Each structure stands twice: as C-alpha cells, then as structure tokens.
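Please open the model in your viewer and keep the selection panel at hand. The stops below go from one selection to the next.

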Amino acid sequence: MHVALTDPAGAIVPGSDRTVTFDGEKETWLPAGAPRLSDPINVPVKALQHIAVSIFYRDKVVPAAHHADLIVAPGDQLDRLEMQAAHRERGPGLVSEVDVLRDVAAPVIVAFGDSITEGAASTPGKDMSWPQQFAGRLAADPRYRGWSVVNAGMSGNRLLHEGFGPPALARFDRDVLAVTGVTHVVLLEGINDIGWWNKPDSEVTAAEVIDAYRQIVARAHARGVKVVGATILPYKGAVYFTPEGERMRLEVNQFIRTGGLFDGVIDFEKVAADPADPARIDPRLEPGDHLHPNDGGYATMAAAISPSLFEARR
C-alpha cells in the first residue's frame, strides 16, 4: 500500500508518496471480514484534502463497503505516479477509514445511511454528497475548525435486511462505533426497508423500522454517542413506491420529529419535498429517478443542517 497527496486534477503530488507499513512490514494478511490498522504515516493534510491510496492485492477481494471512485490497473504498480493500462470504476472502497491526528478536540460526526447518504446521482469526484457538502460548510467557518464528517452511507442499505451489504443493525458497530473519536451520528435510514416492505422475506412495518431506530440509539448512547435523526425524503415516482409504503414513511417521519427518541432532528423531508406534491421530491432537486437528490438537492440537505446540533452542551 502507498499513500500520496493529490492535486485538484487528481494527479499525485510529486514527492508526497509514502509507503504504508504494517508492524514495520510492507505486506500484511487480511483475515476475512477483519480490519487492519497500518503504522502511522507522516503526511500533513488540510481540511478536505484529497489523498490517493494505492493497494496491490495478490488475491481477489470483494468487500461490502461504501462505494468509491476507483482506478484499477493490472499488477503491482504502487511506485508509479500514473498507472498503466488503468481504467476507472465505481465500486466498494478498499480503505474503510483514514485517521488523522488533530491539534484540537472537536466533534466527529458519522453520516449513517444508504445511497442518499453515500451520494448516489451526484457528480462523481466532485464531493457533492450531503455529508461532503456539509463538511465543506464546516471547513469554511473558523468556528468549526477540526470538525470531521465521516460518510458511512452504503448504497442499497436497509435497516433490517441484507441489501448490497449487511443491514444497518449489523454494521453499526463496525461503521459507526468503531470510528475513532466518534461523538455524533446522523441517522438517515429506512427508505429501502419501506420501499421493499412487501418483498418476500423482507416484509417490514413502520413499528419495526422505529424499533430498529431504538436499537441504534440505545447502542450509541451506551457508548456516549449522540444520535441525530433525519426524516426520510419523499419518493413518489420511484421504482418501488407504493401507497402503503408512503403511509409507512409518513408514520416513521412523524415519530422521528415527535417521538423524543433522538438527541436532535434534521427535517430533510421538509426541505426536499415538492411544494405542489409533498409526496415527491422537488423536481429541481432530483435527476429523474424520484429517489436520489442531484447536486443541488444534496446542497439543500447540507444547508438544512444546523451545526448547533453537534456542539457540546454543558
């Protein structure tokens, strides 16, 4: 594994490349399903700095993880500034986390959700998901120096059943509680459970979605982590929209707002809904699938988040 800084065009900055070691060795073995922490690397970075992590696997690897923009090439090309015979793919990320030493103590906010948190339908490589745009807001304001936003969205994710990866309840410890220094979680999950509510072996009710929320909050609070609930966006017109599912979504959102479970609430539904038809996303904020926001929709979501939700309370 190598790590390097990249310039705005995505090219490696000359002289910034570092070899990553594991217990002093250049190679390591990854047990199936287990993380591997590397040795520390001396590479100064700034807020929102992009880095390139290059990995050579001797064996086939198919991780169930947050999707990322990958450059794939044959063989071991770790020492190259530009890989040969390379092509771009969007697939499961091979690095689950980058820990950075900070000189100030500050919140670490994990955005936990599905493809709408991951940033599906946003412009690739432009940091336009709502967690990335919210991180940009924080980085531009000196009051929030050192704050971190971690995107733990996973396309197709559901609370209670397998999607394109483990259910949210199954991956919560790995993807949230194991994040170094985590202080807060923004929970935006449930649309895929609701969308597929009547799928064989995947039936759910609004009460079961809410019970999953209770489990997540209880597990977070046991570790001293606060949970901010986010209302589920409208989805009328999406491939799996049903009137029954819409009634579930409204019931779940009402609970998020008024149930008293969460340490704070972000009303994404309110800012994303079409004023002429609140059951669907504002057409100006989505690309045409009636489910995922576009870049502007994600910007609207990021603008709806108050940093005061994450400030320490006496």
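The tour starts with the ground rules, then visits the core, a helix, the surface and some charged pairs.

This is a predicted model, in which local features need pLDDT of at least 70 and side-chain atom pairs count only at pLDDT 80 or more, whereas totals for chains, interfaces and linings use all residues. Residues are numbered from 1 along each chain as its sequence is written, and side-chain values use heavy atoms, with hydrogens and water left out.

**The nonpolar cores**

Select Phe112, Trp130, Tyr213, Val252, Phe268 and Phe310, which touch the most other members of the largest nonpolar core, a set of 62 residues. A nonpolar core here is a set of buried Ala, Val, Leu, Ile, Met, Phe, Trp, Tyr and Cys residues joined through side-chain atoms within 4.5 Å; buried means under 20% relative accessible area, exposed over 50%, and partly exposed in between, with a 1.4 Å probe and protein chains only. Next, colour helix 5 (residues 206-222), which gives the most to this core, with eight residues; helices (H or I, at least four residues) and strands (E, at least two) are DSSP runs, numbered from the N terminus. Centre on Tyr213: leaving out residues up to four places away in sequence, Tyr213 touches Leu159, Leu187, Glu189, Ile232, Val252, Ile256, Leu261 and Phe262, where contact means heavy atoms within 4.5 Å. A second core of five residues is separate, and among its members are Val3, Leu5, Phe22 and Val43.

**Helix 2 and its cover**

Now select helix 2 (residues 130-139), whose buried residues are Trp130, Pro131, Gln133, Phe134, Ala135 and Leu138. To see what covers these buried residues, show a set that includes strand 6, helix 1 (115-118), strand 7 (148-153), strand 8 (184-188), helix 7 (268-272) and helix 8 (295-303).

**A nonpolar patch on the surface**

Switch to a surface view and select Val45, Ile51, Val53, Val61, Leu94, Val95, Val98 and Val100, which form a nonpolar patch with about 550 Å² of accessible area together. Such patches are made of residues with over 30% relative accessible area and no salt bridge, with nonpolar side chains (Val, Leu, Ile, Met, Phe, Trp, Tyr) joined within 5 Å and like charges within 9 Å, and the areas come from the Shrake-Rupley method with a 1.4 Å probe, only the protein chains shown counting as cover for residues.

**Salt bridges**

How many salt bridges does a search of the whole structure find? The search finds 15, a salt bridge being a side-chain nitrogen of Lys or Arg within 4 Å of a carboxyl oxygen of Asp or Glu.

Select Glu27 and Arg58, whose side chains meet in a salt bridge at 2.6 Å, N to O. Glu27 lies in the loop between strand 2 (18-19) and strand 3 (51-54) and Arg58 in the loop between strand 3 and strand 4 (67-72), so this pair ties together parts that are 31 residues apart in sequence. Glu27 is exposed at 54% relative accessible area, and Arg58 is also exposed, at 62%.

Move to Asp277 and Lys236, a salt bridge in which the closest N and O atoms are 2.9 Å apart. Asp277 belongs to strand 12 (residues 277-281), while Lys236 is in the loop between strand 9 (226-230) and helix 6 (243-258), 41 residues apart. While strand 12 is in view, note that Asp274 stands opposite Asp277.

Finally, select Arg284 and Asp282, bridged at 2.6 Å between the closest N and O atoms; Arg284 is exposed at 66%, whereas Asp282 is buried at 7%.

Notes:
Pairing = 2+ DSSP bridges.
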